[in-house]
Amino acid sequence: MIETLKQLNPEQPIWLQVGQLLDGQSTPLKHANLVYDQEQILFVGAQDQTPPAELLKPGQTEPDCILENYTVLPGLIDGHTHIFLEGAELDFAKRKAYQSQDAVDLLAASAERCRKLVKHGIIAMRDGGDKDGVGLFLSRHRPSGAAAEVFTPGPGINRIKRYGKFFCEPFEDFETAEQVVDNRIQRGADHIKIVPTGIINFAKAAVVAKPQYTIEEVEALTSVSHQRGKHVMAHASGALGIGIAIEGGVDTIEHGFFVSDEQLQRMLELGTTWVPTFAPVQKQVDHADAMGWGELERENLQIIVDNHAKSLRKALELGVTVLVGSDAGSCGVGHAEGLFYEMELLEQAGMPTLEVINACTGGNAKSLLDNPNYGRLAAGNKPRFILTEHQPLKSVSELRKNKTVVFDEHVFDSSEANMADF
Ligand SMILES: [Zn+2]
């Protein structure tokens with residue numbers, strides 16, 4: 001039946017009847033009807049809601065395709081990536097050589113990556129920053145053909161000589177929060193990325209470096225960003241720095257390792273979203289040999305991941321909004337593979353499967369891109385969705401398996417794309 005779908009002319013409405021429809025926000029519809037053309041989704045309805053004739057081809061009374069064994073769901077969105085980096089490479093020398101390429105080569109590799117992502121059903125991402133302008137370019141000039149869309153902060157904002165040099169430019173290039181935020185916006189930033197903390201020291205199982213900003217400094221950055229209509233994503237791990245980011249009013253806490261239950265409660269009160277990014281730390285566990293970790297670090301890594309899973313369950317119990325970001329591009333986290341892995345890690349940590357899927361589609365779209373047009377199957381949204389014969393509600397792992405991806409006028413078979421080469 002999928003072969004039939006490929007033959008249909010997307011300039012005219014296409015009517016699909018599918019066994020199950022996940023709209024990216026609510027509960028599944030059974031035996032659903034979906035009508036779309038290459039521009040937009042025209043109609044979504046349950047079994048007893050047949051599409052109105054004016055939305056169909058003249059005289060059409062039957063679906064173009066009946067896909068009873070299929071589930072349809074919106075294209076996935078990665079809530080935290082670094083599109084300019086190749087994640088899967090574990091060899092430090094090779095990673096360094098890749099990163100030292102000039103911006104033109106990095107851009108060519110990244111544009112190709114965006115095209116490949118679509119074939120895996122990933123249609124957009126919120127980038128976490130790069131210093132080479134790759135994200136800014138891709139955000140404004142989409143690669144030709146079907147390519148995942150990049151929403152970017154441009155370079156993150158760290159403090160001079162502190163963590164983040166490879167994806168940031170320092171606050172100190174300017175004098176005030178207003179100047180630094182306006183600089184990013186003038187360069188085309190879709191949102192603002194700040195780096196209030198360092199990273200985890202795995203030997204000490206803690207974030208030992210002192211936070212990069214005070215609450216007042218974070219507040220200054222977030223209030224200017226909000227005045228300009230931009231949300232703020234904050235790299236924050238370690239309770240001290242997480243507290244500063246939360247109280248400073250950021251919109252999303254990225255990573256958030258060592259978050260306390262009290263801080264989760266505070267996030268609920270303030271409406272702060274959490275993007276836990278299990279994948280980059282779990283990959284350190286999975287590849288401990290290649291990373292050169294000894295016994296102590298391995299034990300600490302496991303404890304950190306286990307505690308993170310506990311915090312996730314607490315966050316869900318409280319009702320904190322949790323979204324799905326893989327940190328793809330960071331060491332060991334490939335694009336595409338990283339997002340499927342992050343979904344699995346959230347599921348294994350106790351997030352119900354449908355919630356993971358809704359977070360990775362409608363949730364990520366609304367809270368991360370400030371754009372409801374993505375991540376939902378609803379009339380008026382772009383026709384970018386996944387059709388699968390597997391059982392994504394049994395486990396998100398099923399989404400790794402073969403699927404058909406519709407992206408505007410294009411139809412792809414994911415088996416044409418290789419998950420390993422990211
Ligand atoms: Zn990141």
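Mentor: We shall take the overall fold, then a sheet, a helix pair and a glycine.

Trainee: What kind of model is this, and how are the residues numbered?
Mentor: The model is predicted, so local features need pLDDT of at least 70 and side-chain atom pairs count only at pLDDT 80 or more, while totals for chains, interfaces and linings use all residues. Residues are numbered from 1 along each chain as its sequence is written.

Trainee: How many helices and strands are in the protein chain?
Mentor: The protein chain has 13 helices and 16 strands. These are DSSP runs numbered from the N terminus, with helices being H or I of at least four residues and strands being E of at least two.

Trainee: How much of the chain counts as buried?
Mentor: Of the 422 residues, 52% count as buried. Buried means that 20 or more other C-beta atoms, placed from the backbone, lie within 10 Å of the residue's own.

Trainee: On to the sheet of seven strands: what is the strand order?
Mentor: This open sheet runs β3-β2-β1-β4-β14-β15-β16, with mixed pairing. Two strands pair if DSSP finds at least two bridges between them.

Trainee: Which strands stand at the edges?
Mentor: They are β3 (41-45) and β16 (410-413); each has a single partner strand, so one side of each is left without a neighbour in the sheet.

Trainee: How does β15 join β16?
Mentor: Strand β15 (residues 404-407) runs antiparallel to β16, and four bridges join them. Val405 stands opposite Phe412 in β16. Two residues lie between the strands of this hairpin, where Asp408 takes a positive phi near 55 degrees.

Trainee: Now the helices. How do α7 and α8 cross?
Mentor: The axes of α7 (residues 239-247) and α8 (residues 261-270) come within 11 Å and cross at roughly 15 degrees. Axes are lines fitted to C-alpha atoms over the stretch in contact, and angles run from 0 to 180 degrees between N-to-C directions. The two helices are therefore roughly parallel to each other, a term for angles under 35 degrees.

Trainee: Which residues meet there?
Mentor: Ala239, Ile242, Gly243 and Ile246 in α7 meet Gln263, Arg266, Met267 and Leu270 in α8. Contact requires C-beta atoms, placed from the backbone, to lie within 7 Å.

Trainee: What covers the buried residues of α7?
Mentor: The cover includes α6 (215-227), β11 (232-236), β12 (252-255) and α8. The buried residues of α7 are Gly241, Ile242, Ile244, Ala245 and Ile246.

Trainee: Last topic: is Gly135 buried or exposed?
Mentor: Gly135 counts as buried because 31 C-beta neighbours lie inside 10 Å. Gly135 lies in helix α4 (residues 134-140). Not counting residues up to four places away in sequence, Gly135 touches Ile83, Phe84, Asp127, Asp130, Val150, Thr152 and Gly154.

Key
Buried ≥ 20, exposed ≤ 12 C-beta atoms within 10 Å, placed from the backbone. Parallel < 35°, antiparallel > 145°, perpendicular 65-115°, else oblique. Contact = placed C-beta atoms within 7 Å.
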